[in-house]
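Please read the following briefing alongside the sequence and the three-dimensional view. The points are grouped by topic.

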Amino acid sequence: MDRDEELLRGRVYGADHDHPGPRSDRDYAELVGGPLDGLLLDITGWTADEIQTGVALTTELGQFPGGRALYDPRPGERNRWDWSGDTP
């Protein structure tokens, strides 16, 4: 695991740098694979339809700096989302 990957593990995507870790009162999905591997995505309050749709998350780490990394929920595992590619 390189230093960048190590720094991301267990942090929440989009969280304040001073408080990057998860909170006990929130619901998270772990991002698996791709440029955001190991980050947690706060899905508190998301509907089943919103979760099923997946996300396109802005990142400087993917194939297209400033582009988006695409993640979809793993079938049968609401709290693990797999990377499906990058987009500009």
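The notes below go from the overall fold to the core, the aromatic pair, one glycine and the salt bridges.

The model is predicted. The protein has two helices and five strands, which follow one another along the sequence in the pattern α-β-β-α-β-β-β.

**Overall fold and surface**

- Of the 88 residues of the protein, 28% count as buried, and the exposed surface comes to about 5500 Å², of which carbon and sulfur atoms supply 49%.
- When contacts between residues at least 6 apart in sequence are considered, 41% of them join residues at least 24 apart.

**Nonpolar core**

- In soluble globular proteins, nonpolar side chains tend to be buried together.
- The largest nonpolar core in this model consists of twelve residues, namely Ala29, Leu31, Leu36, Leu39, Leu41, Ile43, Ile51, Val55, Leu57, Ala69, Tyr71 and Trp81.
- At least two residues of this core come from each of strand 1, strand 3 (55-59) and strand 4 (67-74).
- Alanine 29, one of the core residues, is in contact with Leu39, Leu40, Leu41, Ile43, Arg78, Asn79 and Trp81 once its neighbours within four places in sequence are left aside.

**Aromatic pair**

- The count of aromatic pairs comes to one, and this pair is formed by tryptophan 46 and tryptophan 81 in an edge-to-face arrangement, with 5.7 Å centre to centre and 70 degrees between the planes.
- Tryptophan 46 lies in the loop between strand 2 (40-42) and helix 2 (48-53), whereas tryptophan 81 belongs to strand 5, so the pair ties together parts that are 35 residues apart in sequence.
- Tryptophan 81 is buried, with a relative accessible area of 0%, while tryptophan 46, at 26% relative accessibility, counts as partly exposed.

**Glycine 54**

- Glycine 54 is placed in the loop between helix 2 and strand 3, and at 14% relative accessibility this glycine counts as buried.
- Although 17 residues separate glycine 54 from tyrosine 71 along the chain, their C-alpha atoms are 5.7 Å apart.
- Not counting residues up to four places away in sequence, glycine 54 touches Tyr71, Asp72, Pro73 and Trp81; of these, Tyr71 and Trp81 are also listed in the largest nonpolar core.

**Salt bridges**

- Side chains of opposite charge can pair when their charged atoms come close.
- Seven salt bridges are found in a search of the whole structure, including one between aspartate 25 and arginine 23, whose closest N and O atoms are 2.8 Å apart.
- A salt bridge also joins the side chains of arginine 78 and aspartate 27, at 2.7 Å from N to O.
- Arginine 78 lies in strand 5 (residues 77-87) and aspartate 27 in the loop between helix 1 (3-8) and strand 1 (28-32), so this pair ties together parts that are 51 residues apart in sequence.
- Both partners are partly exposed, arginine 78 at 40% relative accessibility and aspartate 27 with a relative accessible area of 26%.
- Aspartate 82 and arginine 74 meet through their side chains in a further salt bridge, at 2.6 Å from N to O; aspartate 82 counts as partly exposed at 24% relative accessibility, and arginine 74 counts as partly exposed at 21%.
- Arg74 and Asp82 also take part in a network of salt bridges that links them with Glu30, Glu77 and Arg80.

How values were computed
Residues numbered from 1 in each chain as written. Predicted model: local features only at pLDDT ≥ 70, side-chain atom pairs only at ≥ 80, totals over all residues. Heavy atoms only, no water. Salt bridge = Lys/Arg side-chain N within 4 Å of Asp/Glu carboxyl O. Helix = DSSP H or I, 4+ residues; strand = E, 2+ residues; numbered from the N terminus. Buried < 20%, exposed > 50% of the residue type's maximum accessible area, 1.4 Å probe, protein only. Contact = heavy atoms within 4.5 Å. Areas by Shrake-Rupley, 256 points an atom, 1.4 Å probe, with all protein chains shown as cover. Phe/Tyr/Trp six-rings, centres within 6.5 Å; stacked < 30°, edge-to-face > 60°. Core = buried A, V, L, I, M, F, W, Y, C linked by side-chain atoms within 4.5 Å.
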